[in-house]
Amino acid sequence: MSDADRRTVRPVQGGPVMVQGPVRIEMPDGTVVDSDRFMVAICACRRSKDYPLCDTSHRRRR
Ligand code: FES
């Protein structure tokens, strides 16, 4: 595999995990979430109302 074939995954400090799209996210409960975006923000804070996709809720203070 060449480096050009590798997907880039970029965790953001205190925020989502950015993944090169398009992606299919398979959730533990069997739900499937597709995104055709060039870069997909996967929520890592669990506060997104649009989980598993980031809705920027991580920016709000608790
Ligand atoms: S990481 Fe952005 S809402 Fe959770």
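**Strands, pairings and backbone**

Author: In this predicted model, the chain holds 0 helices and 5 strands.

Reader: What share of the residues of the chain counts as buried?

Author: The C-alpha trace spans about 45 × 30 × 20 Å along its principal axes. Among contacts between residues at least 6 apart in sequence, 21% join residues at least 24 apart. To count as buried, a residue needs 20 or more other C-beta atoms within 10 Å of its own; of the 62 residues of the chain, the share that does so is 8%.

Reader: Which strands are the edge strands of the open sheet?

Author: The open sheet is formed by 3 strands in the order β1-β2-β5, with antiparallel pairing. An edge strand pairs on one side only, and this holds for β1 (9-11) and β5.

Reader: By how many degrees are neighbouring strands of this sheet turned against each other on average, direction ignored?

Author: The sheet in question has the order β1-β2-β5, and its pairing is antiparallel. With direction ignored, its neighbouring strands are turned against each other on average by 20 degrees.

Reader: Which residue in β5 does M18 stand opposite?

Author: Strands β2 and β5 run antiparallel and are joined by 4 bridges. Within β5, the residue that stands opposite M18 is A41.

Reader: In β4, which residue is the bridge partner of R24?

Author: Strand β3, which covers residues 23-26, pairs with strand β4, residues 32-35, in the antiparallel sense over 4 bridges. Across this pairing I25 stands opposite V33, while the bridge partner of R24 in β4 is D34.

Reader: Which residue takes a positive phi in the hairpin of β3 and β4?

Author: The two strands of this hairpin pair in the antiparallel sense, and there are 5 residues between them. The residue of the hairpin that takes a positive phi, near 95 degrees, is G30.

Reader: Where is P22 placed, given that the peptide bond from G21 to P22 is cis?

Author: Most residues other than glycine have a negative phi, and most peptide bonds are trans. The bond from G21 to P22 is cis, however, with omega near -5 degrees. As for its place in the chain, P22 lies in the loop between β2 (17-20) and β3.

Reader: What is the omega of the peptide bond from Y51 to P52?

Author: P52 is located in the segment after β5 (39-42). The peptide bond from Y51 to P52 is cis, and its omega is near 15 degrees.

Reader: Is R46 buried or exposed?

Author: R46 is found in the segment after β5, and its phi, near 70 degrees, is a positive value in a residue other than glycine. Because 9 other C-beta atoms lie within 10 Å of R46, and a residue with 12 or fewer falls in the exposed class, R46 is exposed.

Reader: How many other C-beta atoms does T56 have within 10 Å?

Author: T56 is also found in the segment after β5, and although T56 is not a glycine, its phi is positive, about 70 degrees. T56 is partly exposed, and the number of other C-beta atoms within 10 Å is 13.

How values were computed
Residues numbered from 1 in each chain as written. Predicted model: local features only at pLDDT ≥ 70, side-chain atom pairs only at ≥ 80, totals over all residues. Pairing = 2+ DSSP bridges. Contact = placed C-beta atoms within 7 Å. Axes fitted to C-alpha atoms, helices over the stretch in contact; angles between N-to-C directions.
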